[in-house]
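User: I would like the labels on this model checked against their cut-offs. Please take them term by term.

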Amino acid sequence: MESALILAPSEPSFSAIAELLRSYSIYDVIYSRSAGEGRRLLLEKDFDLVFINSPLPDENGEDLARHVASQGLCQVILAVKSEIYPAVTAVCEGDGVFTLAKPISPESLRQIISLARTVRSRLANFQVENEGLKQKIEDILIIDRAKNILISSARMSEQEAHRYIEKKAMDQRISKRQVSEGIIHDYEHD
């Protein structure tokens with residue numbers, strides 16, 4: 001993790017958390033005193049980690065934590081009073097928010113940061129895989145559209161249209177998608 005946003009009600013609690021994060025090689029740390037300011041900062045910059053030391057002056061932090069966790073790869077740690085920890089954990093864990101009971105020990109923070117890094121890495125891998133699958137689906141749709149054009153306009157069978165696209169791609173050393181896009185462009189602009 002490279003960057004962190006710490007939301008804490010006071011400068012001393014921010015400094016203590018920032019120092020712990022720096023000891024785990026998180027140096028780009030920004031401080032916000034309120035949830036409102038934190039939301040603004042989150043619109044301006046992407047963070048790898050958001051640490052919320054609740055309660056904040058303008059809200060308890062739980063809603064913000066759940067919202068941030070639902071938005072992408074950013075990992076969220078919510079520190080709460082020990083007496084409400086079980087209830088908050090039950091509500092937040094389904095949204096992917098890591099909760100810690102206060103007071104926070106350096107060891108428990110280290111473990112949570114390690115878990116957050118692992119989860120972030122896995123999510124990033126899934127995101128790359130997902131983008132690859134989306135691309136393959138788009139390719140298939142475009143190739144099928146070109147095949148349908150060849151079937152209806154050039155009176156080819158599906159096998160002939162498939163072979164035509166495949167052969168043209170090999171002959172021109174381009175992808176089947178590029179050939180298909182050319183077919184779609186040529187037939188739709190005639």
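User: Where is Arg155 found, and what makes Arg155 count as exposed?

Analyst: Arg155 is found in the loop between α5 and α6. Helices here are DSSP runs of H or I with at least four residues, strands are E runs of at least two, and both are numbered from the N terminus. Exposed means over 50% relative accessible area, buried means under 20%, and partly exposed lies in between (1.4 Å probe, protein chains only). Arg155 has 68% relative accessibility, so it counts as exposed.

User: What is this model, and which conventions apply?

Analyst: The model is predicted: local features need pLDDT of at least 70, side-chain atom pairs count only at pLDDT 80 or more, and totals for chains, interfaces and linings use all residues. Residues are numbered from 1 along each chain as its sequence is written, and side-chain values use heavy atoms, with hydrogens and water left out.

User: Why is Glu138 called partly exposed?

Analyst: Its relative accessibility is 38%, so Glu138 counts as partly exposed. Glu138 sits in helix α5.

User: Why is α6 called roughly perpendicular to α7?

Analyst: Helix α6 (residues 158-172) and helix α7 (residues 176-188) pack at about 115°, with axes 8 Å apart. That makes α6 roughly perpendicular to α7. Under 35 degrees counts as roughly parallel, over 145 as roughly antiparallel, 65 to 115 as roughly perpendicular, and the rest as oblique. Axes are lines fitted to C-alpha atoms, for helices over the stretch in contact; angles run from 0 to 180 degrees between N-to-C directions.

User: Why is α5 called oblique to α6 instead?

Analyst: α5 and α6 pack at about 120°, with axes 9 Å apart. That makes α5 oblique to α6. Residues of α5 that meet α6 include Leu150 and Ile151, and their partners include Ala161 and Ile165. Contact means heavy atoms within 4.5 Å.

User: What makes a set of residues a nonpolar core?

Analyst: A nonpolar core is a set of buried Ala, Val, Leu, Ile, Met, Phe, Trp, Tyr and Cys residues joined through side-chain atoms within 4.5 Å. The largest has 21 residues; Ile6, Leu21, Phe51 and Ile77 have the most contacts inside it. Among the elements that each supply at least two residues of this core are β1 (3-7), α1 (11-22) and α5 (106-153). A second, separate core of 19 residues includes Ala35, Leu56, Ala65 and Cys92.

User: Which residues does Ile77 touch?

Analyst: Among them are Leu49, Phe51, Phe98, Leu109 and Ile113, not counting residues up to four places away in sequence.
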